[in-house]
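Thanks for coming, everyone. Let me put today's model on the screen, and then we'll walk through its charged side chains.

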Amino acid sequence: FRRVLFRSALHPISGQGFNLGLRDIATLVDVVTDAIKQGEDPGSEAVLQKYAKWRKQDVRSITLATDGLARIFSNPLIGVGAGRSAGLVATDILPGLRHRIAKHAMGVLGKQPRLGRGLPL
């Protein structure tokens, strides 16, 4: 009997899209739950606009960051390579910068939905 282990891997950039989707869901649940508690129509334009406004900045910043990273790491130009190397060194020697980038990527900066904080609805 031979046991076969399957490993799955997700590219870090595609992982950011997955994380955005999870935050989208958590935010939508939060907004819809609040609307229902307040007797509002959860599918109304106002409720959905509240959701869209809440998610706009996170989606925009992660989209720009992941696109920028993909472009930087796929660019073969020498000057870009040197800048990329300097940026990686900076994140190694500046733990505050590294932690800020990590928190941004995890979506724990700014307003967070209750589910994302582990709180009951």
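Start in helix H2, where Arg 55 and Asp 58 are 3 residues apart, so about one helical turn separates them. Helices here are DSSP runs (H or I, at least four residues), numbered from the N terminus. This is a predicted model: local features need pLDDT of at least 70, side-chain atom pairs count only at pLDDT 80 or more, and totals for chains, interfaces and linings use all residues. Residues are numbered from 1 along each chain as its sequence is written, and side-chain values use heavy atoms, leaving out hydrogens and water.

Back to our pair. Arg 55 and Asp 58 form a salt bridge at 2.8 Å, N to O. The rule: a side-chain nitrogen of Lys or Arg within 4 Å of a carboxyl oxygen of Asp or Glu. Arg 55 is buried, with a relative accessible area of 6%. Buried means under 20%, exposed over 50%, partly exposed in between, using a 1.4 Å probe and protein chains only.

Next, Arg 23 and Asp 58. Their side chains meet at 2.7 Å, N to O, in a salt bridge. Arg 23 sits in helix H1 and Asp 58 in helix H2, 35 residues apart. Arg 23 is buried at 11% relative accessible area, and Asp 58 is buried at 15%.

One more bridge: Arg 114 to Asp 30, 2.7 Å, N to O. Arg 114 lies in the segment after H4 and Asp 30 in helix H1, so the pair ties together parts 84 residues apart in sequence. Both residues, Arg 114 and Asp 30, are buried.

Technical notes
Helices (H or I, at least four residues) and strands (E, at least two) are DSSP runs, numbered from the N terminus.
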